Amino acid sequence: MDTCKRCFFLSLVFFMVFFEDLGTNVHGFQGEEQIETTVEDFLDHSPHFTTTQGMYDVEEVGDDDDDWQMVQAKGNQFVVNGQPFYVNGFNTYWLMVFAADQSTRGKVSELFQQASSVGLTVCRTWAFNDGQWRALQKSPSVYDEEVFKALDFVVSEAKKYKIRLILSLVNNWDAYGGKAQYVKWGNASGLNLTSDDEFFSHPTLRSYYKSHVKAVLNRVNTFTNITYKNDPTIFAWELMNEPRCTSDPSGDTLQSWIAEMAAYVKSLDAKHMVEIGLEGFYGPSAPARTQFNPNSYATQVGTDFIRNHQALGVDFASVHIYADSWISPTISDAHLEFTKSWMEAHIEDAEKYLGMPVIFSEFGVSRKDPGYNSSYRDTLISTVYKTLLNSTKKGGSGAGSLLWQLFPDGTDYMDDGYAIVLAKSPSTSKLISLHSTRVAIFNSRCSWKCRWGCRKKNSLETFLYHDDL
């Protein structure tokens, strides 16, 4: 990286963000030289970050790039190439559908470019659309090749911007088909199914789901010629978006399904990680932990955070955070208090009982909520980021978070109230960039920590841990 870029990065990241947040007189700060030396070392060992277009401009990854390897779970951390991989990421569920239409395909590239410009490294999106408009799976094991090519494009485009993907394989909810569509297919074939929850228990519907899993994992990308199950661009497979089985509050039905499907995915693809897609509600196996649930109903939906994640084949835990949906729609400080305690409880359980990382894979607040303002949204995001950093600095299981959700400009008609458009949200964009910088430093520490002097280390830790968000 040349001198101009180094100076720009130093000025932008540290003097505009760090010192501004501290409210410190920049010219009088005696640690300036220490901070600069620390960042110089970071830049020297972070070859994929440049600053020509934004906070980050990620160089495209070639097909033979040795750095683009599978991410794995090791203890309570993610690792890649022997180094930690803490996640700052986002959700955009509709990428495949947009890529299927040439008039909107460019929005996929635009989104990835904008996400990479603020240092986001993981995107969660749907690898399903069952029996609906522009369906991927039109009927069991029958696919629309053009829509599959659209998913190919999403995967190949993500790699260009060094963004990895969590691909979810089916929905609990009716949107994009979901388990209800599988039940409709079952009834159309002559079954007599009366509940959508029979998706989890009926052998025919289980076989439909397995066939879809097999089709996606064995898909050869028409843009890269790489089979999905061999592609490091895919961070993990998600069994289902927000599974619930309210017909069996004991949790036995869903537990059986998770155990079978996690093992099945691993039988096809032992390289990638698998996660369930849970919201994180505590169930009957841990009655003492149900105090952390947002409401009493959460114990009745058939999920069980600790028990579910103990199934063989599950590599990391997933948790969602929606105080505005679960507690009350009206914004209040109680939402922030819940967010912090909810996260801390799950991080503790991931460390104590599961021995795995946990990602808070959906969190956000809706502009439709009474009392909403952008300052509150920033405070919520800051609460999530600070809670994660408190875990990270202790080597804990808090491994990352995914905003719900990031949109490019001009896609407002898809907005559910939670969309963040970076160009229209400068304060939020700044928060995301700052957290990405901290995460990137953590992810680079192993390769260069041996070169620290005490002064460098102290300056770095001031930046990493200062409570300025």
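Figure 1. Arginine 164 is found in strand β10 of a predicted model. With a relative accessible area of 3%, arginine 164 is buried, because the cut-off for that word is under 20%. Its bridge partner is valine 122, in the pairing with β10. The C-alpha atom of arginine 164 is separated by 5.4 Å from that of phenylalanine 235, although the two residues are 71 residues apart along the chain. Apart from its neighbours within four places in sequence, arginine 164 is in contact with Asp67, Trp68, Gln69, Val71, Val80, Phe85, Thr121, Val122, Cys123, Pro232, Thr233 and Phe235.

**Figure 2. The chain as a whole.** The secondary structure of the chain comes to 15 helices and 15 strands. The chain has 469 residues, of which 59% count as buried. Among contacts in the chain with a separation of 6 or more, 74% come from residues 24 or more positions apart.

Figure 3. Strands of a sheet pair through backbone hydrogen bonds, either parallel or antiparallel. Here eight strands form an open sheet with parallel pairing, in the order β12-β11-β10-β7-β6-β15-β14-β13. The edge strands, β12 (273-275) and β13 (317-321), each pair on one side only. On average, neighbouring strands of this sheet are turned by 25° against each other, direction ignored. Helix α12 (residues 333-354) packs on the sheet and touches β13, β14 (358-363) and β15 (398-404). The direction of α12 makes about 170° with that of β13.

**Figure 4. Strand β7 and its two partners.** Strand β7 (residues 122-126) and strand β10 (residues 164-168) run parallel and are joined by five bridges. One of the residue pairs is tryptophan 126 with serine 168, the latter in β10. Another is valine 122 with arginine 164 of β10. Strand β6 (residues 87-91) also pairs with β7 in the parallel sense, over three bridges. In this pairing asparagine 91 stands opposite arginine 124 of β7.

**Figure 5. Burial of strand β7.** How many of the five residues of β7 are buried? Five of the five are, so β7 is largely enclosed by the rest of the structure. Both faces of the strand are covered. Val122, Arg124 and Trp126 lie on one side, Cys123 and Thr125 lie on the other, and all of them are buried.

**Figure 6. The three-stranded sheet.** Three strands form an open sheet in the order β3-β4-β5, and their pairing is antiparallel. Strands β3 (72-74) and β5 (83-84) stand at the edges with a single partner strand each, so one side of each is left without a neighbour in the sheet. Three bridges pair β3 with strand β4 (residues 77-80) in the antiparallel sense. Within this pairing, lysine 74 has glutamine 77 of β4 as its bridge partner.

**Figure 7. Helices α12 and α13.** Two packed helices are described by the angle between their axes and the distance between the axes. For α12 and helix α13 (residues 374-392) the angle is about 25° and the axes are 10 Å apart. The angle makes α12 roughly parallel to α13, because angles under 35 degrees count as roughly parallel. The crossing of α12 and α13 is right-handed. From α12, the residues in the contact are His335, Leu336, Thr339, Lys340, Met343, Glu344, Ile347 and Glu351. They meet Tyr376, Thr379, Leu380, Thr383, Val384, Thr387, Leu388 and Ser391 in α13. By class, this contact of α12 with α13 has seven nonpolar, six polar and three charged residues.

**Figure 8. Helices α6 and α8.** Helix α6 (residues 178-188) packs against helix α8 (residues 203-217) at an angle of about 120°, and their axes are 10 Å apart. This angle makes α6 oblique to α8. The crossing of α6 and α8 is right-handed. Tyr182, Val183, Trp185 and Gly186 in α6 meet Leu205, Tyr208, Tyr209 and His212 in α8. The residues of this contact divide into six nonpolar, two polar and no charged.

How values were computed
Residues numbered from 1 in each chain as written. Predicted model: local features only at pLDDT ≥ 70, side-chain atom pairs only at ≥ 80, totals over all residues. Heavy atoms only, no water. Axes fitted to C-alpha atoms, helices over the stretch in contact; angles between N-to-C directions. Helix = DSSP H or I, 4+ residues; strand = E, 2+ residues; numbered from the N terminus. Parallel < 35°, antiparallel > 145°, perpendicular 65-115°, else oblique. Left-handed = near helix turned anticlockwise from the far one by under 90°. Contact = heavy atoms within 4.5 Å. Nonpolar A, V, L, I, M, F, W, Y, C, P; charged D, E, K, R; others polar. Pairing = 2+ DSSP bridges. Buried < 20%, exposed > 50% of the residue type's maximum accessible area, 1.4 Å probe, protein only.
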